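Here are some friendly notes to read beside the structure. Take the points in order, and keep the sequence open as you go.

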Amino acid sequence: MKKLLMVSLLIMLIISIAEAKIDLNTATLLELKTQLPITDKQANDIYDYRFYNSFFQSIYQLREIESIDQETLNSLKPLVSVSHYDEKDESAQRRDDIYYLIERLGSNEGLQEGMSDIWEDYLISPRNINKLAFSDILNLPNTSPIDVAAILNRVAVGDSISSYRDLRKSPGISYYGAKNLQNYVYYKEQPEVRDIYFDYQMKYNDSPYGDSEKEMYLESMIRFDYPDSDAPKTPGIKRQSYWGYFNMESDRATMMNKLRMRYKNQFKAGFIYETPKGSTPIFDSNSKTLFDEGKFYVGYENNINFLGKNFLKVYAGNFRATFGEGLVMENTDSYSPRKTGYGFNKRITGIIGDISRTQEYALRGIALDWKRNNMNAVVFLSSDKKDAVVYDSNENGELDDDDYILGYINMTNRFSNDELEESEAFFNTEYDDNVNQVKIAPRLDALQEDIIGGHFEYTPFIGTHIGFTGYEAVYDREFVVPEEDELKEILIYHSDYFDKWKITDNEITSMYSTKTTEYGDKDFRRVVGFDWRTVLNNTSIQGEYAELEIDGRLGKIGDDPSALLISSYTQFDNLYLITIYRDYDLDFDNPYHRSFSESERFDDTVFDKLTYGLNNTLLNDMYNNSAQPSAEKGIYFETRYQFHQMLTLNKAYLDIWERKSDARRGVRTEVKLEFKPIHQLRFRIRHKHQVKRYDDEMERGMSQADETELKFITYLSNYDKLQLGYIYARVLQPPYLSILSNPSEPGAADMAQAQTLTTGDMIYLDYTHNFNKNLKVIGAFSMWYANGASFWDFEDIELDFDHSDRGYKMWFNIHSRIANNVYLSIKYKYKQFLTRELEFRDYNDIPEEGEYYFQRVERKENIVRLQLDWKF
């Protein structure tokens, strides 16, 4: 019995020792570096050999690697093993090797959602780096113009790149540039790939409406209690708001289905259909069709040998068109502050198929993109219906097809026009000689937009180009912005709130009109511009200038509203520097403008601040979902610098700008510093400082916000990770000087207010645990005491905004590869917090007892998010 026990223990010991060995065919790069007595170069060479040459059949294959000598091999023999390798086709193996990248791209939200489809195609079917054009390489993630110029300059002299190691040797290329490219390209022989690919994705999300959107829908639309009225108080809010009328408490779930097909990286097609919150499912509607409500494209991309080498793209259906710095054309519904165009803020230029969730600014038609030697020409045509804000311009008491358009609107909830008209009829109520008439409202598909546009680019030598872009949009209805006094009467439901109209509302009065007293009547909007780039050694300088044609001449610069952006990017091995200057005119109202800015259009206007006083609360969406930058003038600096192996300035930026609508000057800076004593431990500190109206400390619009974050990160075995963080925020606001100079009587409603300091803090714990290579869980727990402050919290693939008085939340996201080609992600979040429900808008005398708002209440949210990806 003892012998049997000893033999069993010996066998278990042998098995445990064997399991402790590093498997050369499955070990990660991190495991090779940290668990074997070899240099980082040797670890990289072993990993590259396995990735680009073949999997190991024997330990002795290590001698085929130049940096591994016999002495190193002898030291590795007792420490490594070689597992059996099941041969797969090239595409399936690449999918296994880059699973983590595909998973990350497939989960992307917002701006990069459409881009991730393109990048995933190139992950599965890479392209020959020696045959790519400048824009093709630059469109890949995290590549800089300097890296691209380094590659093309080498290829131009006949020195083809033969391997990743060879790519790293290219003069002028950065380490990160080469590393980010390695999974998207090949060098000599094209890997064997399948001819046909399908990719199906389903997303379900029952997240509640955001606070701004919920306030918009909860705000009462039946206002009997005007400040000068003796009418009784509003009896309740249930049926007097859009929230109550449409019973929106249950309108939470969204469902999205997306299908893409690709044949040999040449023929491409895709389709997406989304059922947003509160919308009627497609199969429950007699008027909607998949073609009308969904998005689709078919495309062809290939090299054509006709009078030389040509590369041709043709897309029909929905497509995305992006050129230059985004001043003339970049059609997406998403807004991104401080979008530099580098790193993770990259934009894909040219034409690509579009089955992202963009709706309002989607282009539907046909587009052609032709590249030949040093020229690139693009032509695109689009014809589509657009949602718009309509107001009663003919004063007949109805919103009909003869009324004017105020502007585009991207609606949070796309109620049908019949639903909107029925709700407005309900709200149009008369009481005590006061008339509450809805005079302005959004409408679905209210505007027919037909666009013809194009782009021409000439490249005299590698790294330098000049391009010209323009489009003309023809409309079937007039855009007319009334004079300020008339506009206030349309937008604001009662004259007692006219004093809420501020100088910042210049952004509304400066909106584009097709019909004015100055230049007559026209049915189009025309935007033209030119862009440029040149690479000088390790610096790239680029920019774009655009004009919105009003009454000036097409060929004359400076006689129409304009926008200008100039930027430079300087790159060293462990340092980069970005400088951006922008200047956008207030009248430059281009709906497809998506360049760098600090805030979106209509910030601090009545669309943002006066929900309770708007004639129609749905106008709040003009700001909530605005995708255009605000009119600004400013300069921005950004850098990253690793000045020691243990110490890195991860990111630091400074932005100084002036808002054109009211000449308010602001400054914003943020610094992120990381200390890494060993690879497994990181300490990070972040500080953000922002001042609005820094040139006048006593101005009421002045505010100062500071936020400091401390974070501790530890990397565990098997790619597990723990993060512990603490955030402290403070907001300082000045006193009401006008009140201080004329103090109110004690107890008066307008008592003097001194300088106000608001503070808040938050603590959180994030974790990542990999059960095996096919199953992991990511989650977090956080609690906060905001006291008027606010915090942005990044939840794996989503952002959450926490600004309630106090609360806590926990969430986890399970990522599972349930089959070779099937990926499943399930997220659950529980959030509990104290908040102040929407105030009653009672502008009569406040009763002697009681309060005119609901007391603090405790809100609980349970949120589920599901995503399924099937790639075959």
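1. The side chains of Arg664 and Asp604 meet in a salt bridge, with 3.3 Å from N to O (a salt bridge is a side-chain nitrogen of Lys or Arg within 4 Å of a carboxyl oxygen of Asp or Glu). Helices here are DSSP runs of H or I with at least four residues, and strands are runs of E with at least two, numbered from the N terminus. Salt bridges that share partners join Asp603, Asp604, Asp608, Lys609, Arg659, Asp662 and Arg664 into one network. Arg664 counts as buried, because its relative accessibility is 7% (buried means under 20% relative accessible area, exposed over 50%, and partly exposed in between, with a 1.4 Å probe and protein chains only).

2. A word on what you are looking at. This is a predicted model, in which local features need pLDDT of at least 70 and side-chain atom pairs count only at pLDDT 80 or more, while totals for chains, interfaces and linings use all residues. Residues are numbered from 1 along each chain as its sequence is written, and side-chain values use heavy atoms, with hydrogens and water left out.

3. How far can the coordinates be trusted? The average pLDDT of the protein is 82, and 81% of the residues score at least 70 (pLDDT is the predictor's confidence in each residue, from 0 to 100). Residues 1-19 stay under 50, and the model gives them zero contacts beyond four places in sequence (a contact means heavy atoms within 4.5 Å). Residues 838-855 are also below 50, but this stretch has 31 contacts in the model beyond near neighbours in sequence. Where pLDDT is low, the predicted coordinates should not be read in detail.

4. Now the overall picture. The protein has 20 helices and 36 strands. Of its 872 residues, 53% count as buried. Among contacts between residues at least 6 apart in sequence, 64% join residues at least 24 apart.

5. Back to the charged pairs: how many salt bridges does a search of the whole structure find? The count is 39. One of them joins the side chains of Asp199 and Lys871, at 3.1 Å from N to O. Asp199 lies in strand E5 (residues 196-205) and Lys871 in strand E36 (residues 856-871), 672 residues apart. Asp199 counts as buried because its relative accessibility is 10%, and Lys871 counts as buried because its value is 6%.

6. Another pair is Asp589 and Arg601, whose closest N and O atoms are 4.0 Å apart in a salt bridge. Both residues lie in the loop between strand E23 (575-584) and helix H18 (606-609), so the pair ties together parts that are twelve residues apart in sequence. Asp589 is buried at 7% relative accessibility, and Arg601 is buried at 1%.

7. Phe602 is found in the loop between E23 and H18. Its phi is near 75°, a positive value in a residue other than glycine. Phe602 counts as buried, at 5% relative accessibility. Tyr719, in the loop between strand E28 (703-715) and strand E29 (721-733), also has a positive phi, near 65°. Is Tyr719 buried or partly exposed? At 44% relative accessibility, Tyr719 counts as partly exposed.

8. Finally, look at Leu447 in strand E16 (residues 440-461). Leu447 is buried, with a relative accessible area of 0%. Leu447 and Ala388 are 59 residues apart in sequence, yet their C-alpha atoms are 6.6 Å apart in space. Not counting residues up to four places away in sequence, Leu447 touches several residues, among them Asp384, Lys385, Tyr408, Tyr475 and Phe479.
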